[in-house]
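Hi,

Here is the structure I promised to pass on. Have a look, and my notes on its charged side chains follow below.

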Amino acid sequence: MALGVCLLFDRRSERALRALWSRLEERGVATPASHTHGRHHPHLSYVVLLEWHLDAVQDAVAALPDGGPFELSFDAVGVFRRGRVALVPPLSARLLARQQAVVRAVGGTGARVHRHYAVDHWVPHASVATRSAMRQLPAVAESVYEILPLTVSVTSAALIDSATGRTWPLPVLP
(Lines give C-alpha, C1' and ligand atoms only; values in the text may rest on other atoms or scores of the structure.)
Protein backbone atom coordinates (compact mmCIF):
# COMPACT_ATOMS: atom_id res chain seq x y z
CA MET A 1 0.00 0.00 0.00
CA ALA A 2 2.20 2.83 1.26
CA LEU A 3 5.32 3.59 3.25
CA GLY A 4 5.35 6.60 5.55
CA VAL A 5 8.21 8.51 7.08
CA CYS A 6 6.49 9.10 10.40
CA LEU A 7 7.08 11.16 13.50
CA LEU A 8 6.33 9.19 16.66
CA PHE A 9 5.38 10.53 20.06
CA ASP A 10 6.48 9.89 23.64
CA ARG A 11 4.45 7.50 25.82
CA ARG A 12 2.33 10.21 27.44
CA SER A 13 1.35 11.65 24.07
CA GLU A 14 0.70 8.23 22.57
CA ARG A 15 -1.53 7.29 25.54
CA ALA A 16 -3.54 10.49 25.11
CA LEU A 17 -4.15 9.79 21.42
CA ARG A 18 -4.97 6.12 21.99
CA ALA A 19 -7.44 7.17 24.72
CA LEU A 20 -9.11 9.46 22.16
CA TRP A 21 -9.24 6.56 19.69
CA SER A 22 -10.90 4.41 22.39
CA ARG A 23 -13.53 7.09 23.18
CA LEU A 24 -14.34 7.40 19.49
CA GLU A 25 -14.56 3.62 19.02
CA GLU A 26 -16.99 3.48 21.98
CA ARG A 27 -19.13 6.00 20.09
CA GLY A 28 -19.12 3.78 16.98
CA VAL A 29 -16.52 5.79 15.05
CA ALA A 30 -13.79 3.86 13.23
CA THR A 31 -10.27 4.96 14.22
CA PRO A 32 -6.76 3.80 13.41
CA ALA A 33 -7.16 1.33 16.31
CA SER A 34 -9.61 -0.74 14.25
CA HIS A 35 -8.49 0.22 10.74
CA THR A 36 -7.09 -2.55 8.50
CA HIS A 37 -4.58 -4.61 10.51
CA GLY A 38 -5.11 -2.69 13.77
CA ARG A 39 -1.39 -2.14 14.40
CA HIS A 40 -1.36 1.59 13.73
CA HIS A 41 0.66 4.01 15.84
CA PRO A 42 -0.34 7.56 16.68
CA HIS A 43 1.90 9.55 14.36
CA LEU A 44 2.32 12.43 11.97
CA SER A 45 3.65 11.55 8.52
CA TYR A 46 6.22 13.77 6.84
CA VAL A 47 5.68 11.87 3.60
CA VAL A 48 3.82 8.86 2.23
CA LEU A 49 5.37 6.88 -0.60
CA LEU A 50 3.43 4.85 -3.15
CA GLU A 51 6.48 3.16 -4.72
CA TRP A 52 9.88 2.83 -3.06
CA HIS A 53 13.04 0.84 -2.48
CA LEU A 54 13.21 0.34 1.28
CA ASP A 55 17.00 0.32 1.65
CA ALA A 56 17.37 3.46 -0.45
CA VAL A 57 14.69 5.30 1.56
CA GLN A 58 16.25 4.21 4.87
CA ASP A 59 19.68 5.40 3.75
CA ALA A 60 18.36 8.73 2.42
CA VAL A 61 16.51 9.57 5.63
CA ALA A 62 19.36 8.35 7.86
CA ALA A 63 21.69 10.75 6.04
CA LEU A 64 19.59 13.77 7.04
CA PRO A 65 20.63 15.89 10.02
CA ASP A 66 19.11 14.86 13.34
CA GLY A 67 16.83 17.75 14.29
CA GLY A 68 16.20 16.31 17.75
CA PRO A 69 12.97 15.97 19.72
CA PHE A 70 10.40 18.75 19.65
CA GLU A 71 6.86 19.56 20.68
CA LEU A 72 3.78 19.95 18.50
CA SER A 73 0.56 21.55 19.65
CA PHE A 74 -2.62 20.34 18.05
CA ASP A 75 -5.11 23.21 18.10
CA ALA A 76 -7.61 22.27 15.40
CA VAL A 77 -9.50 19.41 13.83
CA GLY A 78 -9.51 18.81 10.08
CA VAL A 79 -11.95 16.78 8.04
CA PHE A 80 -10.56 15.28 4.86
CA ARG A 81 -12.22 13.44 2.00
CA ARG A 82 -13.70 10.00 2.62
CA GLY A 83 -14.31 10.74 6.29
CA ARG A 84 -10.76 11.04 7.58
CA VAL A 85 -10.66 13.29 10.65
CA ALA A 86 -7.37 14.46 12.11
CA LEU A 87 -5.77 16.73 14.65
CA VAL A 88 -3.99 19.59 12.91
CA PRO A 89 -1.04 21.56 14.32
CA PRO A 90 -0.09 25.04 13.17
CA LEU A 91 2.47 24.87 10.38
CA SER A 92 5.71 26.45 11.54
CA ALA A 93 8.57 27.30 9.20
CA ARG A 94 10.76 24.84 11.12
CA LEU A 95 8.30 21.94 10.74
CA LEU A 96 7.81 22.73 7.06
CA ALA A 97 11.57 22.84 6.43
CA ARG A 98 12.00 19.45 8.12
CA GLN A 99 9.20 17.93 6.04
CA GLN A 100 10.52 19.34 2.79
CA ALA A 101 14.02 18.00 3.50
CA VAL A 102 12.55 14.51 4.00
CA VAL A 103 10.46 14.72 0.82
CA ARG A 104 13.45 15.83 -1.24
CA ALA A 105 15.68 13.12 0.25
CA VAL A 106 13.27 10.26 -0.41
CA GLY A 107 12.27 11.69 -3.79
CA GLY A 108 15.94 11.53 -4.74
CA THR A 109 15.82 7.74 -4.36
CA GLY A 110 13.27 7.43 -7.16
CA ALA A 111 10.41 6.82 -4.73
CA ARG A 112 6.97 8.02 -5.83
CA VAL A 113 5.59 10.53 -3.33
CA HIS A 114 1.83 10.65 -2.71
CA ARG A 115 0.59 13.95 -4.12
CA HIS A 116 -0.79 15.14 -0.76
CA TYR A 117 2.72 14.97 0.74
CA ALA A 118 4.62 16.65 -2.09
CA VAL A 119 6.49 19.87 -1.41
CA ASP A 120 3.96 22.71 -1.05
CA HIS A 121 0.96 20.32 -0.82
CA TRP A 122 1.35 18.88 2.69
CA VAL A 123 -1.17 19.42 5.47
CA PRO A 124 0.37 18.10 8.69
CA HIS A 125 -2.08 15.97 10.65
CA ALA A 126 -2.47 13.06 13.05
CA SER A 127 -5.45 10.88 12.13
CA VAL A 128 -8.07 10.16 14.77
CA ALA A 129 -10.95 8.78 12.66
CA THR A 130 -10.63 6.82 9.45
CA ARG A 131 -14.01 6.66 7.73
CA SER A 132 -16.46 8.89 9.58
CA ALA A 133 -19.94 9.27 8.20
CA MET A 134 -21.31 12.81 8.07
CA ARG A 135 -23.74 11.98 10.89
CA GLN A 136 -20.78 11.00 13.13
CA LEU A 137 -18.90 14.29 12.76
CA PRO A 138 -20.59 16.03 15.72
CA ALA A 139 -19.56 13.15 18.03
CA VAL A 140 -16.03 13.20 16.65
CA ALA A 141 -15.76 16.97 17.08
CA GLU A 142 -17.11 16.76 20.64
CA SER A 143 -14.58 14.09 21.60
CA VAL A 144 -11.69 15.92 19.97
CA TYR A 145 -12.51 19.32 21.45
CA GLU A 146 -12.52 17.75 24.92
CA ILE A 147 -8.73 17.30 24.61
CA LEU A 148 -7.71 20.31 22.52
CA PRO A 149 -5.32 21.97 22.69
CA LEU A 150 -3.05 18.94 22.97
CA THR A 151 0.71 19.30 23.08
CA VAL A 152 2.65 16.17 22.14
CA SER A 153 6.33 15.40 22.31
CA VAL A 154 7.89 14.09 19.10
CA THR A 155 10.69 11.81 20.25
CA SER A 156 11.50 9.50 17.34
CA ALA A 157 10.84 8.70 13.71
CA ALA A 158 10.26 5.50 11.79
CA LEU A 159 9.36 4.12 8.40
CA ILE A 160 5.96 2.46 8.65
CA ASP A 161 4.38 0.18 6.05
CA SER A 162 0.66 0.97 6.18
CA ALA A 163 -0.28 -2.39 4.65
CA THR A 164 1.30 -4.46 7.40
CA GLY A 165 2.07 -2.12 10.29
CA ARG A 166 5.71 -3.12 10.08
CA THR A 167 7.99 -0.44 11.51
CA TRP A 168 11.64 0.39 10.90
CA PRO A 169 12.96 2.83 13.50
CA LEU A 170 15.15 5.57 12.09
CA PRO A 171 18.51 6.53 13.64
CA VAL A 172 17.71 10.24 13.29
CA LEU A 173 14.75 12.49 13.94
CA PRO A 174 14.71 14.52 10.75
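**Charges: what turned up**

Arg-82 lies in the loop that runs between strand 4 (76–79) and strand 5 (85–88) (strands are DSSP runs of E, at least two residues; helices are runs of H or I, at least four; both numbered from the N terminus). With a relative accessible area of 67%, Arg-82 is exposed (exposed is over 50%, buried under 20%, partly exposed in between, with a 1.4 Å probe and protein chains only).

Before you read on: this is a predicted model, where local features need pLDDT of at least 70 and side-chain atom pairs count only at pLDDT 80 or more, while totals for chains, interfaces and linings use all residues. Numbering starts from 1 along each chain as its sequence is written, and side-chain values use heavy atoms, with hydrogens and water left out.

Searching the whole structure gives three salt bridges (a side-chain nitrogen of Lys or Arg within 4 Å of a carboxyl oxygen of Asp or Glu):

- Arg-18 with Glu-14, closest N and O atoms 2.9 Å apart. They sit four residues apart in helix 1 (residues 11–26), so about one helical turn separates them. Arg-18 is partly exposed at 31%, and so is Glu-14 at 24%.
- Arg-27 with Glu-142, at 3.0 Å between the closest N and O atoms. This pair links distant parts of the chain, 115 residues apart: Arg-27 is in the loop between helix 1 and strand 2 (43–51), Glu-142 in helix 4 (residues 137–145).
- Glu-51 with Arg-112, where the closest N and O atoms are 3.5 Å apart.

Cheers
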